[in-house]
Amino acid sequence: MEQKVFVFDHPLIQHKLTFIRDKNTGAKEFRELVEEVSMLMAYEVTRNLPMEEVEIETPISKAKAHVITGKKLGIVPILRAGLGMVNGMLKLIPTAKVGHIGLYRDPETLQPVEYYCKLPSDVHERELIILDPMLATGGSAKAAITFLKERGANNIKLMCLIAAPEGIETVYKAHPDVEIYTAAVDEKLNSHAYIVPGLGDAGDRLFGTR
Ligand code: PRP
Ligand code: URA
């Protein structure tokens with residue numbers, strides 16, 4: 001099975017991503033842009049949701065129309081930085097349930113460390129979209145996907161802003177069934193496993209920490 005990676009080349013997404021990357025963009029604008037790009041990406045990620053025909057009445061006549069059907073949606077941000085993508089998603093999918101997985105990357109070992117998890121109880125029945133702006137080594141995403149699968153989830157997508165080739169490879173080797181949606185695939189990782197050129201530390205830029 002070949003990993004499916006969808007790169008969003010829409011001009012609005014690319015334009016906003018440029019300002020997200022720019023080191024001169026402050027936390028307020030950074031947060032707003034991440035939310036806006038997430039909303040635009042939500043539009044694309046949900047493109048293939050199944051629909052069913054329903055009958056309604058407009059003020060003029062009866063009409064056959066369409067509504068989304070099938071599996072219920074769940075979005076799962078990886079804390080902290082994934083939180084920045086939640087509101088954008090919820091603006092378009094307000095009925096989605098939100099689960100949270102807390103992981104941080106140990107700066108020495110670069111391995112993900114889990115510190116929090118709260119998921120909808122029917123996670124196994126939902127189509128899940130994991131949110132994390134950065135796919136670097138892929139360790140965090142791989143761990144989050146494993147975590148969800150251990151709880152019965154079998155329909156998982158990963159949505160990020162910037163992916164490194166190394167991260168895509170890691171997710172592919174562990175979870176070839178998971179589609180990756182990203183606004184960019186960057187060049188490489190540096191010696192601290194930061195994405196080059198990337199956008200720096202997503203959590204710090206969102207929340208003003210260092
Ligand atoms: C960042 C980012 C991802 C992870 C990606 O989180 O939000 O979760 O790094 O790196 P990886 O692909 O090499 O695992 P970080 O660990 O900095 O935690 P934070 O969001 O709490 O700042
Ligand atoms: N985490 C980040 O926030 N940025 C990177 O470039 C890599 C991991």
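Modeller: A cavity is a set of grid points where a 1.4 Å probe fits but cannot get out, whereas a pocket is an open set, and a lining residue has an atom within 4 Å of one of the points. Please keep in mind throughout that this model is predicted.

Colleague: Which residues line the largest cavity here?

Modeller: The lining of the largest cavity is made up of Phe30, Val34, Ala81, Pro133, Leu161, Leu199, Ala202 and Leu206. Helix 2 and helix 6 are the elements that each give two or more residues to this lining. By class, the lining has eight nonpolar residues, with no polar and no charged ones. The volume of this cavity is about 30 Å³, and a search of the whole structure finds one cavity of 30 Å³ or more.

Colleague: Then let us turn to the open spaces. How many residues line the largest pocket, and which of them lie nearest its centre?

Modeller: The lining of the largest pocket counts 31 residues, and those nearest its centre are Tyr104, Arg105, Ser140, Tyr194 and Asp201. This pocket holds about 720 Å³ of space, and its lining divides into 18 nonpolar, seven polar and six charged residues. Several elements supply at least two lining residues each, among them strand 4 (72–79), strand 10 (156–163) and helix 6 (202–207).

Colleague: How should I read the surroundings of ligand 1, and which residues are closest to it?

Modeller: A residue counts as near a molecule if one of its heavy atoms lies within 4 Å of it. For ligand 1, 14 residues form the surroundings, and the closest are Arg105, Asp132, Thr137, Gly138 and Ser140. This shell divides into six nonpolar, five polar and three charged residues. Looking at side chains, a polar atom of Asp132 lies 2.5 Å from an oxygen atom of ligand 1, an N or O atom of Thr137 is 2.5 Å from an oxygen atom of the ligand, and a polar atom of Ser140 lies 2.6 Å from a ligand oxygen atom. Taken alone, ligand 1 exposes 500 Å², of which the protein buries 90%.

Colleague: And for ligand 2, which backbone atoms lie 2.8 Å from an atom of the ligand?

Modeller: A polar backbone atom of Ile195 is 2.8 Å from an oxygen atom of ligand 2, and a polar backbone atom of Ala202 is likewise 2.8 Å from an oxygen atom of this ligand. A backbone N or O atom of Gly200, in turn, lies 2.8 Å from a nitrogen atom of ligand 2. On its own, ligand 2 has 240 Å² of accessible area, and the protein covers 87% of that. The residues around ligand 2 include Arg105, Met134, Tyr194 and Asp201, and by class its shell has six nonpolar, one polar and two charged residues.

Colleague: What is the volume of the second largest pocket, and how is its lining divided by class?

Modeller: The second largest pocket has about 250 Å³ of space, and its lining holds nine nonpolar, four polar and three charged residues.

Technical notes. Residues numbered from 1 in each chain as written. Chains lettered and ligands numbered in written order. Predicted model: local features only at pLDDT ≥ 70, side-chain atom pairs only at ≥ 80, totals over all residues. Heavy atoms only, no water. Polar contact = N/O pair within 3.5 Å; in protein donor to acceptor, adjacent residues only side chain to side chain. Areas by Shrake-Rupley, 256 points an atom, 1.4 Å probe, with all protein chains shown as cover. Nonpolar A, V, L, I, M, F, W, Y, C, P; charged D, E, K, R; others polar. 1 Å grid on protein atoms, 1.4 Å probe; cavity = no way out; pocket = protein on both sides within 12 Å on 5 of 7 lines; lining within 4 Å. Points joined across faces, edges and corners; volume = space filled by probe spheres on them. Helix = DSSP H or I, 4+ residues; strand = E, 2+ residues; numbered from the N terminus.
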